[in-house]
Every structure is written in C-alpha cells, then in structure tokens.
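Trainee: Please take me through this model and give the rule behind each term as it comes up.

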Amino acid sequence: MTHGSRGKLYEVFRGTIADASDFDPTADAEALYNAMKGIGSDKEAILDLVTSRSNAQRQEVIAAYKSNFGQDLIDDLKYELTGKFERLIVSLMRTPAYHDAKEIHDAIKGAGTNERCLIEVLASRNNKQIHDMVAAYKDAYGRDLEEDVIETQTHFDHCDLYAAGEEQWGTDEAKFIMILGNRSVTHLRMVFDEYEKIAEMSIEDSIKNELSGDFERLMLAVVQCIRSVPMFFAKRLYKSMKGLGTADNTLIRIMISRSEIDMLDIRECFRLRYEKSLYNMIKVRKRDCILVFFLEMFPLFTIAYKMWELSAMTRVQLRPTVRPAPNFDPAADAQALRKAMKGFGTDEDAIIDIVARRSNAQRQEIRQAFKSLLGRDLMKDLKSELSKNLERLIIGLMLTPAEFDAKMMRKAMEGAGTDEHALIEILVTRSNQEIHAMNAAYQDAYKKSLEDAVQSDTSGHFCRILVSLVQGAREEGPADVERANADAQELADACNADSDDMVMKFMSILCTRSFPHLRKVFQEFVKCSNKDIEQIIKKEMSGDVKNAFYAIVCSVKNQPSYFADRLYKAMKGLGTDDRALIRIMVSRSEIDLFNIRKEFKETHDDSLHEFIQGDTSGDYRKTLLILCGGED
C-alpha cells in the first residue's frame, strides 16, 4: 500500500520513551543473559531494562547479545517468557517496521482476517513507515505484503487497486480512493473544509452514507488520521477497553507503536474526548496495568507491573467443549461399542465417535448398559482392543472424574520417579468436592489413602503443602477485605523471615484461603510490599515448593491461562508429554476447555487445535481434536 504524495500525518512527535543516558549495550546484553540464566527468569529485571531503552538502543543490545553470547536475544526471550508478557517484551525488541509487519501478518493469517488491525496500521502510517514495513514483511515472511492483503478480498490496498481500473468497484468508491490516497495531509484538510460547505455535511457523514462494511471503516480511519492521528489512536484505545473484557492485542500494539512518537498527544486527546485519563482507564482494567508504564514513564512502572495479569476470573463464564449428546440411548451405544470390538479387528472410528461425543455422565450409563445387556466389562474390552495413547485417552474418558484423578495421582507417584508437576496441577486446581471424591476413589482403587501415598512419595515442605491440599479444606466464599489486608501484611512480613518460616506462612494462607479471597490478598500484597507475589515466589523459593506456590498464584489469577501454559509446555519442543496432554484434555473438556483454548490462542499465537494437529497423529489425534472442539 502507498499513500501517494501523503506526507507525515502529524506535526509533532511527542513520545514517552527516549534514549537512556549512559547507555552500554554490552552491559545490557549481559544483564539480560543473567536474567534468563538457570531455572526460571527474572521478569522484573528484563522489563526494567527493555522498557527503559529506546528502540534504537534495543537493536544495539540485540547485536551485542549475539556478539557476546552467540545466541539470538529474541529467540531466548520467546523461550523464557510466556503469555502477554512475552508478546509485550518481544514486540518491544522488534524494530517498528518488523513490529508492524508482524501485526499485519498475524491479522491476515489463518481462517479469519482481523480487518480492524489492518485498517489501524495501514491508515495511520506515513510513507516511510509503509515502505519500511513492506520491506520488513518481505524479509520476514518471503512474501509480498500487497499480494497477501489483496488475497483477503477487501479494499485495503486501495491506491494500487485503483490503478487497476475504476470498474472494479463503484464510482464513488474509486473517487474516495483516488483523493484520500494521493493528496497531502494539508491539502486534504482544506478539501474537507470546502466539502462540508458545499455538501452541507462532513466528509465522515458522506462516507457513512455512500460506503459500507470494512471499506467504510477504512475510509473513515484514513479521514480520522488526516484530521488527527493522536485522536484516532485515542478512540482506538478507548474502544479496546470499553465494555466487558479488553482487546489486549490492540492495547499492546498501540502502546508499543506510539510510545516513541506521540503518546503524550494521545493521552491529551483521550482526556479531552472522554474526560478521564488514559492512565486511570488502563489501571481500572487491571489486566493490562503494565501498559501504564508507557504513559507516565518509568517511575510508575513499579505500581503498573505489580498489577500484571490480575484478572477478575470470577466474572468469566467457564465453557466446556464436550456436552451431553442429544437423543442419547445408552443401550444403542453399548451395542455399537460391542459391534466395534467384536470379531477380527477393531473399529476405532466407531469407538471414538461414541466415547468422545458423550458427556461423562452418559459414558457411565453406557458402562452400566454394557454390563447389564452384554454381561461384559466395557473397560476390560476397551483395554484389550486399544493400545498406547489412544487406549489411555479412551479409558481416561470412560472413568469418572474422581476415578481419573485418582489414577493420575497414582501414575504420578508410581515407579522410580515422581511427576511433581502432575501432583501440583491436580491438587491445586480441584475444588474441595473434587478432592474429597478423588480421595474416596483412590482408597477404593488402591486400598491406601491418598494422603499416605503422598507422604510416602514426597518429603519436606513440598510434602506438607501437598498434604494440606489433599485435605480438601480450602475455605469457600468471597473475599473478606479486612482479613485480606491482614493476610497480605503477614505475607509481606514473612518475606523478611528465614526461609522455613516464610514457606510455612505462605502455606498457611495460600493453601487454605478461597480463590476470590486470595485475589484480594495478592492485590493488597502489592500495596504492603511494593512487590508482586509471583516474583517473590520465584526469587525467594526454589524447587517443588516454588512450583507449587507459583501454580496456586497462577490458578488464582487465571486458571484457564494456567492450563493453557501447561498444555503448551506439554507439546513444546522435542517430544510430547502425552500424560499431561491427556490429563488436561480429559479433565477440563466438560469444565473450561473452551476458555483454555482461547487463552492458548491469545498467549501463544497458534491455536491449541494447530498444536495438537502438529504434535500427535492417528486416532489419538482425532480423539484429542474432537475434545478440543474446534479451531480458533
């Protein structure tokens, strides 16, 4: 796309991030390397450094990192960080042209197109920015940006498409394209004034009357940018935060792309138009308070960062991907399953189609019907006919949730090694009722209490944490504000105690208080200590104790996001942790797998469906994809 003779779309460049004084790229590269060295990463150190350097300085740090350590800094950051924090930091490390190219590529890849992102980026950049973005897109993706945009079958590449002939669209559309795409900003502002005198309506109203859909939105965006780029972005930011939820990617994209250009002007436009500060509106949204940094510069970073990803999950509707099948007939399903396993060979497709498309309650009815009608044990038949991961997955689906959890706990502790991550995941994320049912199922299946098994297989503080969780005695109900303040202060005071006392105090609160209460505690902890509890846990604790407390914090803040991260780690890199993959897909399919799917996509760019598709195969993959419930 080109803007013809269009010049700069704004007169004054007033950003909130400038070059750091006494800048030493080699020292910065070493600091980042140390922040990512070993187990875990020092997010606070990374954020402190990256956000207090200009983009040009960040490019010098990237070069110094490669020179000193022989590694790609952006690749290392992607590996060490996750979620919106990764997206933010990696986006800051890219040059503006490559950041824009990535946003355009993300907007047009996959099944759907993010037209509003395309409109925002293409309408607001000046000639040089567009040319640099086109070159960066070609370098990064080996493709022509113009051709990729045209393939979306929209009017985005309007200047060059107009050259192909007016008859492609209507005359009105072509005239708008010709004028808006090829005149200077100063000239167009005068044209708009004269147009309003002649037509007795604004150019915006005329566009709304004559055009429609994405093309209307594009032309309006161009006009708004000609009038005032800062006001255009102020409106975009307001819309990204208005109503329920926050358009996180839009918020991050704008805050990054304008932080060194005109963020001060955007702030002022926002205040004038909406009679509230952009700082306060972002802060109120809670999930993205880290972005407040770009508004007020580094002194406010401390408060902004501490609120990172504190989300009001109590208000989010949890959605499953597996629901009860309509017109359910357990006898017919039992007969169909018997037929699928009878004789030579096994009809895996028939088994998958029934088991994966029924709710767990319906599967239990099928088990009973199979026994009463055919005098056979369905579980034994399935085990004899299926094998490997498909068998594990189908059997997992056929067990009750309590039986399945008990089995997963047993598997995590049997043999030479212990799967501590599995123990943590299950005990941290289950409700009291689920833990009580799991305890009973474990006792019934293995003739031993789950608590005894945990005590036999673990030790020290980690054992004490797990035993506390195994009790299923977590408090329930909303937050008690006065008590939350006291709990937060106790946690803050414990940070100055010796390590044993600190762990015991954290355990007494994190393992017993309700999740809504803990959300309030974490917020108050920031005020008490000026630190984030997640960072305290990572810095002051280690090993399984750290992992257990960290899992509790993540689950309290956003449990679907916690599971999305667990799924990502199960499939990331070489090899697949099939046990973790099966455990989460089975246990969450009737609770919140849809939410997990959405968090996965938002956090890792690729969809859960795509990850499963690429990481598994055969009937095992087919069953997992049915449970996944669709693409995003």
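Contacts and cores

Trainee: What does Phe-506 touch, not counting residues up to four places away in sequence?

Mentor: Phe-506 touches Leu-491, Ala-494, Cys-495, Cys-511, Ile-533, Ile-536, Ile-537, Met-541 and Phe-549, with residues up to four places away in sequence not counted. A contact here means heavy atoms within 4.5 Å. The model is predicted, so local features need pLDDT of at least 70 and side-chain atom pairs count only at pLDDT 80 or more, while totals for chains, interfaces and linings use all residues. Residues are numbered from 1 along each chain as its sequence is written, and side-chain values use heavy atoms, with hydrogens and water left out.

Trainee: What makes a set of residues a nonpolar core?

Mentor: The members must be buried Ala, Val, Leu, Ile, Met, Phe, Trp, Tyr or Cys residues, joined through side-chain atoms within 4.5 Å. Buried means under 20% relative accessible area, exposed means over 50%, and partly exposed lies in between (1.4 Å probe, protein chains only). The largest nonpolar core has 104 residues, and Met-409, Phe-506, Leu-510, Phe-549 and Met-585 touch the most other members. Helix α35 (residues 543-571) supplies the largest share of this core, 14 residues. There is also a second, separate core of 35 residues, whose members include Met-219, Leu-220, Ala-221 and Ile-254.

Trainee: Why is Ser-555 called buried?

Mentor: Its relative accessible area is 1%, so Ser-555 falls on the buried side of the cut-off. Ser-555 is found in helix α35; helices (H or I, at least four residues) and strands (E, at least two) are DSSP runs, numbered from the N terminus. Apart from neighbours within four places in sequence, Ser-555 is in contact with Val-428, Thr-429, Phe-515 and Tyr-562.

Salt bridges

Trainee: What makes the link between Arg-125 and Asp-100 a salt bridge?

Mentor: The rule asks for a side-chain nitrogen of Lys or Arg within 4 Å of a carboxyl oxygen of Asp or Glu. The closest N and O atoms of Arg-125 and Asp-100 are 2.8 Å apart, so the pair meets that rule. Arg-125 lies in the loop between α7 (115-124) and α8 (127-141) and Asp-100 in helix α6 (residues 96-108), so the pair ties together parts that are 25 residues apart in sequence. Both Arg-125 and Asp-100 are buried.

Trainee: Why is the pair of Tyr-33 and Tyr-65 called tilted?

Mentor: Rings of Phe, Tyr and Trp (its six-membered ring) pair if their centres lie within 6.5 Å; planes under 30 degrees apart count as stacked, over 60 as edge-to-face and the rest as tilted. By this rule there are 12 aromatic pairs. Tyr-33 and Tyr-65 are 6.3 Å apart centre to centre with 55° between the planes, so the pair is tilted. Tyr-33 is in helix α1 (residues 25-36) and Tyr-65 in helix α3 (residues 55-69), so the pair ties together parts that are 32 residues apart in sequence. Tyr-33 counts as partly exposed at 26% relative accessibility, whereas Tyr-65 counts as buried at 1%.

Trainee: What makes the pair of Phe-232 and Phe-233 edge-to-face?

Mentor: The planes of Phe-232 and Phe-233 are 70° apart and the centres 5.2 Å apart, so the pair is edge-to-face.
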